[in-house]
Amino acid sequence: MDKILIEGGHPLKGQVRISGAKNAALPILVSSLLAEGSYTYSNVPDLKDVESIKQLLSNLGARAEAHGDKVHVDTGRILSYEAPYDLVRKMRASILVLGPMVARLQKARVSLPGGCAIGARPINLHLKGLAQLGANIILEHGYVQAEAKKLKGADIYFDTVTVTGTENLMMAAVLAEGTTLLRNAAREPEVVALAEVLHKMGADIQGAGTTVITINGVTSLKPVSVSIIPDRIETGTFMIAAALTHGDVTLVDCEPDHVGACIDKLRRAGVRISVHEKTIHVDGNDEFISVDVKTQPYPGFPTDMQAQFMVLMSIANGTSIISETIFENRFIHVGELKRMGADIKISGNTAMVKGVSGLSAAPVMASDLRASASLILAGLVAEGQTEVNRVYHLDRGYEAIEKKFSELGAAIKRVK
Ligand code: EPZ
């Protein structure tokens with residue numbers, strides 16, 4: 001089990017390039033199942049989760065190979081329609097193959113994704129929407145089996161805003177007969193990016209990025225070559241790292257428009273941020289003040305940035321109220337931060353973070369992807385050497401994170 005050691009107290013300085021977005025790459029790679037042929041995806045991040053999706057596509061008979069930051073996929077020979085348990089359990093986003101496989105192969109058998117550290121993560125809305133499109137859904141032996149001769153357009157309302165639910169049903173509906181409406185749809189940039197790729201493939205989709213997406217089914221689609229949008233969560237993570245360490249960092253190849261809520265909160269906390277075309281400059285040389293945050297679906301403050309922001313608030317002046325409204329168990333990092341000296345009290349889905357003068361290094365345990373990033377951030381400012389264990393969580397969602405941090409001057413290294 002790898003661990004990461006960090007010596008706190010080094011201000012980050014210099015320039016960091018933001019990689020392609022994990023949560024855009026996953027659905028976009030899966031969309032290759034919708035049409036036979038050869039695809040080229042560029043700016044794909046080199047992540048464990050991308051590896052898993054490539055493995056899943058190969059399992060189904062496609063060929064998926066990486067060459068640098070490009071991934072070539074050939075879906076000429078889809079032989080199987082089953083996504084097995086040992087692949088899905090590693091990454092719940094595998095459920096995204098359900099929609100495109102039913103649309104293209106009329107059949108899919110996908111292991112039900114279990115829960116995960118941050119919550120039960122049900123997929124009932126994915127299945128309800130697929131059933132409304134005419135798929136026959138059977139749940140048995142831990143698998144979901146979906147079949148449909150030909151999906152038919154439907155008027156679908158999401159009880160809860162769901163990112164992958166919106167993506168799954170968008171991909172199911174593009175080849176359905178007639179018109180599908182997705183109401184209360186997710187508006188995340190990754191949903192818009194997927195819609196743009198499907199549009200380029202020949203799909204007829206209007207309204208992505210708003211709460212109602214209208215899809216007029218077409219009879220066939222064609223392969224494309226596209227580039228993946230920058231990762232807004234990695235962008236937010238590095239903005240906070242620069243602020244925390246009172247550094248001076250420029251983020252390049254990012255998309256400032258996708259991190260508006262984070263920039264707003266950081267500016268209100270006293271962080272100096274200037275935005276240009278595709279770059280963001282963070283000059284974190286002042287004291288921070290506590291601000292309240294409530295996680296919301298996009299364009300609100302992202303739940304995937306909650307743990308990272310909490311680290312900044314743990315050394316700000318005042319008290320910050322952080323409410324997590326998306327997942328029921330996304331405060332696992334709090335226990336670890338308290339062991340580093342943070343003063344945090346939880347009641348229900350709200351954490352009260354009282355700023356302290358500084359954190360102290362400790363051995364800590366990562367639990368989920370974004371919580372492990374917050375522990376790295378805490379280690380960057382804690383007095384002494386922090387040891388973060390179970391960093392495989394990190395490798396799922398951050399490309400070469402310790403390399404990027406050490407190039408900015410952090411004293412960080414990975415030990416086997
Ligand atoms: C996506 O997960 C992201 N993953 C998550 O990022 C992100 O935290 C989440 O959206 C929220 O922004 C990918 O895009 C691969 P949801 P997803 O469906 O789609 C409930 C990361 O760190 N719900 O939007 O699984 C659900 O329980 C990951 O990169 C249902 O009740 O999240 C949750 O409370 C973590 N029934 C809420 O909706 C359903 O059928 C939002 O979940 C589906 C969801």
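Which residue's side chain is joined to that of Ser367 by a polar contact? The views below come from a predicted model, in which local features need pLDDT of at least 70, side-chain atom pairs count only at pLDDT 80 or more, and totals for chains, interfaces and linings use all residues. Residues are numbered from 1 along each chain as its sequence is written, and side-chain values use heavy atoms, with hydrogens and water left out.

**View 1. Ser367 and its surroundings.** The side chain of Ser367 is joined to that of Asp368 by a polar contact of 3.3 Å, a polar contact being a pair of N or O atoms within 3.5 Å, where within protein one must be able to donate a hydrogen and the other to accept it, and where residues adjacent in sequence count only if both atoms are side-chain atoms. Ser367 sits in the loop between strand E22 (363-365) and helix H12 (369-381); helices (H or I, at least four residues) and strands (E, at least two) are DSSP runs, numbered from the N terminus. Ser367 counts as buried because its relative accessibility is 18%, where buried means under 20% relative accessible area, exposed over 50%, and partly exposed in between (1.4 Å probe, protein chains only). Leaving aside residues up to four places away in sequence, Ser367 touches Ala117, Ile332 and His393, contact meaning heavy atoms within 4.5 Å.

**View 2. The interface of domain 1 and domain 2.** The protein is divided into domain 1 (3-19 + 230-415) and domain 2 (22-227), with bounds that come from an automatic or database domain assignment. Their contact takes 23 residues from domain 1 and 21 residues from domain 2. The two domains bury about 1,800 Å² between them, 53% of it on carbon and sulfur atoms; buried area is the accessible area (1.4 Å probe) that two parts lose on being put together, summed over both. In domain 1, Tyr298, Arg396 and Glu399 lose the most area to domain 2, together 32% of what that side buries.

**View 3. Polar and charged pairs across the interface.** Between domain 1 and domain 2 there are 10 residue pairs in polar contact, both residues at pLDDT 80 or more, and the rule finds two salt bridges across the interface, a salt bridge being a side-chain nitrogen of Lys or Arg within 4 Å of a carboxyl oxygen of Asp or Glu. The side chains of Arg232 and Glu190 meet in a salt bridge (2.8 Å, N to O). On the side of domain 1 that touches domain 2, the elements that give two or more residues are H12 and helix H13 (392-397).

**View 4. Helix H1.** Helix H1 (residues 22-30) is largely enclosed by the rest of the structure, because eight of its nine residues are buried. Among the buried residues of H1 are Lys22, Pro27 and Val30.

**View 5. Backbone features in three loops.** The peptide bond from Tyr298 to Pro299 is cis, with omega near 10°, and Pro299 is placed in the loop between strand E18 (293-294) and helix H10 (306-314). Asn43, in the loop between E3 and H2, has phi near 60°, a positive value in a residue other than glycine, and at 12% relative accessibility Asn43 is buried. Arg390, which lies in the loop between strand E23 (385-389) and H13, also has phi near 60°, but Arg390 is partly exposed, with a relative accessible area of 35%.
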